[in-house]
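Visitor: I would like to learn how to read a structure like this one, feature by feature. Could you take me through it, with the general idea before each case?

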Amino acid sequence: MPTPAYDETNIFAKILRGELPCHKVYEDDVTLAFMDIMPRADGHVLVLPKSLARNILDADPGILGLLITRVQKIAVAVKSALAADGITILQYNEPAGGQIVFHLHFHVLPRWKGVQLRPHTGVLEKPEVLEGFCQKIAAALKAA
Ligand code: 5GP
């Protein structure tokens with residue numbers, strides 16, 4: 001089956017266009033990163049390319065190369081800001097691969113020894129809690 005075309009009505013496209021809000025952690029010419037509203041761990045960040053790609057299957061390889069450097073930068077900042085023991089990076093492709101929102105993104109998940117991940121798209125976090133983590137991570141990125 002060919003990868004379906006990019007659908008500009010997806011929720012992350014709306015966030016990228018500024019039509020919907022987000023708790024923004026980081027932005028540059030390539031990337032927007034913001035807090036996941038149903039976090040699987042405290043400090044769960046999503047890292048997106050600004051250019052349009054449905055997922056890793058149709059992404060421009062040049063953009064992917066640039067994007068992974070941003071994923072690394074944000075992973076280092078998340079680990080430091082939240083004193084995490086480790087980081088899990090997740091990335092889903094197509095419904096059968098677990099993808100729910102069809103704009104390419106990487107999940108950056110801080111991990112602590114003995115703490116399990118919560119379910120995927122489980123419970124909506126309170127905005128003030130998301131904002132607290134967002135500010136800590138954004139400050140670590142600015143200091144980097
Ligand atoms: P995936 O497509 O990687 O399987 O999952 C999409 C992710 O986006 C989930 O972790 C979900 O919690 C998150 N998510 C879904 N809708 C929104 C939204 O409107 N804003 C934010 N910040 N995250 C969202």
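Visitor: Which strands does helix α2 lie across, and at about what angle does it run to β3?

Guide: Before the answer, some ground rules: this is a predicted model, in which local features need pLDDT of at least 70 and side-chain atom pairs count only at pLDDT 80 or more, while totals for chains, interfaces and linings use all residues. Residues are numbered from 1 along each chain as its sequence is written, and side-chain values use heavy atoms, with hydrogens and water left out. Helices (H or I, at least four residues) and strands (E, at least two) are DSSP runs, numbered from the N terminus; contact means heavy atoms within 4.5 Å; and axes are lines fitted to C-alpha atoms, for helices over the stretch in contact, with angles from 0 to 180 degrees between N-to-C directions. Here helix α2, residues 61-81, lies across β1, β2, β3 (45-49), β4 and β5 (106-111), and runs at about 160 degrees to β3. Helix α3, residues 127-143, lies across β1, β2 and β3, at about 30 degrees to β1.

Visitor: In what order do the strands of the sheet stand, and with which kind of pairing?

Guide: In general, strands of a sheet pair through backbone hydrogen bonds, either parallel or antiparallel. Two strands are taken to pair if DSSP finds at least two bridges between them. In this model the order is β1-β2-β3-β5-β4, an open sheet of 5 strands with antiparallel pairing. The edges are held by β1 (24-27) and β4 (86-90), each of which has a single partner strand, so one side of each is left without a neighbour in the sheet. From one strand to the next, the twist averages 20 degrees.

Visitor: How many bridges join β1 to β2, and which residue of β2 is the bridge partner of Y26?

Guide: Between β1 and β2 (residues 31-35), which run antiparallel, there are 3 bridges, and the partner of Y26 in β2 is A33. E27 stands opposite L32 in β2, and the two strands form a hairpin with 3 residues between them.

Visitor: Over how many bridges does β5 pair with β3, and over how many with β4?

Guide: The antiparallel pairing of β3 and β5 extends over 3 bridges, with V45 opposite V108 in β5, whereas β4 and β5 pair in the antiparallel sense over 5 bridges, with T88 opposite L109 in β5.

Visitor: Is β5 largely enclosed or left open, and why?

Guide: The general idea is a cut-off on relative accessible area: buried means under 20%, exposed over 50%, and partly exposed in between (1.4 Å probe, protein chains only). Of the 6 residues of β5, 5 are buried, so this strand is largely enclosed by the rest of the structure.

Visitor: What does T88 touch, and which side chain does it join through a polar contact?

Guide: A polar contact is a pair of N or O atoms within 3.5 Å; within protein, one must be able to donate a hydrogen and the other to accept it, and residues adjacent in sequence count only if both atoms are side-chain atoms. T88 lies in strand β4, and its side chain is joined to that of R111 by a polar contact of 3.0 Å. Not counting residues up to four places away in sequence, T88 touches H107, V108, L109 and R111.

Visitor: Which residues come nearest to the ligand?

Guide: A residue is near a molecule or strand if one of its heavy atoms lies within 4 Å of it. There are 18 residues around the ligand, of which D36, I100, H105, H107 and H120 come nearest. An oxygen atom of the ligand is 2.5 Å from an N or O atom in the side chain of H105, and an oxygen atom of the ligand is 2.6 Å from an N or O atom in the side chain of H107. Taken alone, the ligand exposes 520 Å², and the protein buries 93% of that; these areas come from the Shrake-Rupley method with a 1.4 Å probe, and for residues only the protein chains shown count as cover.

Visitor: Where is E94 placed, and is it buried or exposed?

Guide: E94 is in the loop between β4 and β5 and counts as buried, at 16% relative accessibility. Although E94 is not a glycine, it has a positive phi of about 70 degrees. T121 is not a glycine either, yet has a positive phi of about 45 degrees; T121 is found in the loop between β5 and α3 and is partly exposed, with a relative accessible area of 39%.
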